[in-house]
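Trainee: Before discussing individual features, could the sequence and the structure be put in view?

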Amino acid sequence: MTQTKHSATKDGEAAGHLNTRYWPATFEERGVVVPFTTPMLAFARARSDGNNGLEVIVPGLSGSSGVYIIGWSGVRDVFRMSVHDRAFHDMIETRKASTPREMRRCAHEIAMTGLSGPDAIDAAERAVEQEENERLLTNYYLVNSVVKSLAKADVQLSVAELSSAAGQKKVRGIMAGIANDLRVSSEQLYADIEKWSDMIAPVGVASMPHECRLRRLMTRLKAFRMNITAWGRNSNADPDGLAFLVADVALLTLDVGRDVLGEIDDHANDLKTALAKWSTVGPEIADGMNRISWLLDGWDHVIGLWEEVLDGALHEQKDALEEIVRMLPLVPTKELDAQNGKAWGELESAMRKFVKPLQNWQSGETDIELQLRIERRRAEALSEAS
């Protein structure tokens with residue numbers, strides 16, 4: 001059952017409320033991770049407030065074991081925010097950023113202002129460059145797949161050919177023949193392939209030798225799950241089984257993610273049908289990409305936090321594990337089938353039991369060392385793609 005507790009501001013209006021229900025029903029209810037650098041907001045998520053505005057969700061405030069929900073405009077009143085975070089807060093509010101893609105774009109842009117230092121600028125620039133390279137590479141492999149699968153002649157295009165005037169003329173001729181067979185115009189075929197490659201650029205094409213960002217994150221998540229499971233078995237420092245709880249959530253995420261990626265990849269394995277019925281298939285691919293982006297949102301921060309303490313002292317690893325439990329990106333119930341939903345029915349009560357509350361969150365004190373660690377992790381998360 002959901003319980004709420006209101007906290008009043010000086011003018012008597014409610015600043016927020018406590019929600020003890022841990023398992024969200026949808027991705028939108030879970031919210032998108034906001035990479036703030038202020039320690040008390042390090043695990044915050046933003047979501048729509050249902051009234052054309054935003055609200056922020058922060059776990060474990062005020063000694064609670066729930067999530068604290070605060071109206072977006074009230075965040076500045078409740079927390080002492082860094083200069084970077086105030087500017088970031090304003091940008092998010094102006095753009096109503098409430099999806100992983102929108103938040104990532106805002107995070108890159110605010111990093112490039114230099115408010116978090118030169119390392120953040122470099123990391124954001126590398127990430128943007130890498131994402132553009134992966135978009136172009138995805139387009140190349142998708143075009144090549146279309147030509148190889150649907151052209152009447154056996155043709156293999158190189159990157160050099162696609163970059164030259166003669167090669168592009170050759171491609172246009174091949175595409176005209178394919179478009180004729182599909183009973184669409186050449187212009188429409190080009191436009192559909194371009195839209196397709198832009199949509200799937202974060203995962204790329206399965207046949208690519210290079211893993212794009214979200215596939216790479218899936219690979220890292222698999223390794224993280226194995227590592228934290230081994231730590232739980234061998235450290236003798238986890239009597240409550242937090243490591244296994246985290247590993248179970250990671251496994252569920254991987255299982256759902258594998259299915260979603262499979263659906264996206266299936267369309268690339270049946271190019272003729274996909275392009276002939278693009279008006280139907282396009283939205284299906286877009287929905288799949290939306291789901292995988294939401295599903296993996298926040299895991300780069302979790303993995304980065306654990307990697308930071310892998311070679312550290314045991315007490316640092318235990319502290320990191322407790323932080324991770326508070327920020328776990330739970331798979332919403334809507335994404336689970338009936339069997340999985342029943343099997344994972346005890347997860348919410350386990351989360352409520354193990355989440356470590358944030359203490360002294362209203363003291364106004366700034367933990368400089370913690371803030372520097374958060375800024376460093378944020379820069380590493382931005383640059384992970386490169």
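The dialogue below goes through the fold, its helices and strands, and its salt bridges.

Mentor: This is a predicted model, in which local features need pLDDT of at least 70 and side-chain atom pairs count only at pLDDT 80 or more, while totals for chains, interfaces and linings use all residues. Residues are numbered from 1 along each chain as its sequence is written, and side-chain values use heavy atoms, with hydrogens and water left out.

Trainee: How many helices and strands does the secondary structure of the chain come to?

Mentor: Helices (H or I, at least four residues) and strands (E, at least two) are taken as DSSP runs and numbered from the N terminus. Counted in that way, the chain comes to 17 helices and 6 strands.

Trainee: What percentage of the residues in the chain is buried?

Mentor: Buried stands for under 20% relative accessible area, exposed for over 50%, and partly exposed for what lies in between (1.4 Å probe, protein chains only). The chain has 386 residues, and the buried share of them is 51%.

Trainee: Among contacts between residues at least 6 apart in sequence, what percentage joins residues at least 24 apart?

Mentor: A contact requires heavy atoms within 4.5 Å. Of the contacts between residues at least 6 apart, the share joining residues at least 24 apart is 66%.

Trainee: Why do the buried residues of H8 line one face of the helix?

Mentor: Helix H8 covers residues 186-200, and its buried residues are Leu-189, Asp-192, Ile-193, Trp-196, Ser-197 and Ile-200. An α-helix has 3.6 residues a turn, so residues three or four places apart point the same way. Taking the directions from the helix axis to the C-beta atoms, the buried residues of H8 line one face because they fall within an arc of 130°.

Trainee: Which helices are included in what covers the buried residues of H8?

Mentor: The cover is drawn from several parts of the chain, H5 (118-150) and H7 (165-182) among them. It also includes H10 (242-268), H11 (271-276) and H12 (278-296).

Trainee: What separation do the end C-alpha atoms of helix H4 have?

Mentor: The expected span of a helix is 1.5 Å times one less than its number of residues. For the 12 residues of H4 (residues 100-111) that gives 16 Å, and the separation of the end C-alpha atoms agrees with it, at 16 Å.

Trainee: Is Cys-106 buried or exposed?

Mentor: Cys-106 is listed with the buried residues of H4, which include Met-103, Arg-104 and His-108. At a relative accessibility of 2%, Cys-106 counts as buried.

Trainee: Which residue in E6 is the bridge partner of Ile-57?

Mentor: Strand E5 (residues 54-59) runs antiparallel to E6, and 5 bridges join them; pairing requires at least two bridges found by DSSP. Strand E6 (residues 67-71) has 4 of its 5 residues buried, so it is largely enclosed by the rest of the structure. The partner of Ile-57 in E6 is Ile-69.

Trainee: How far apart in space are Leu-54 and Ser-98, C-alpha to C-alpha?

Mentor: Leu-54 lies in strand E5 and is buried at 7% relative accessible area. Beyond its neighbours within four places in sequence, Leu-54 is in contact with residues including Trp-72, Ile-92 and Ser-98. Leu-54 and Ser-98 are 44 residues apart in sequence, and their C-alpha separation is 7.8 Å.

Trainee: Which residue meets Glu-134 in a salt bridge?

Mentor: A salt bridge places a side-chain nitrogen of Lys or Arg within 4 Å of a carboxyl oxygen of Asp or Glu, and a search of the whole structure finds 15. The side chain of Glu-134 has such a partner at 3.1 Å, N to O: Arg-216. Glu-134 lies in H5 and Arg-216 in H9 (residues 213-234), so the pair ties together parts 82 residues apart in sequence. Both residues are buried, and the partner asked for is Arg-216.

Trainee: How far apart are the closest N and O atoms of Asp-265 and Arg-215?

Mentor: Asp-265 and Arg-215 are both buried. Their salt bridge has its closest N and O atoms at a distance of 2.6 Å.
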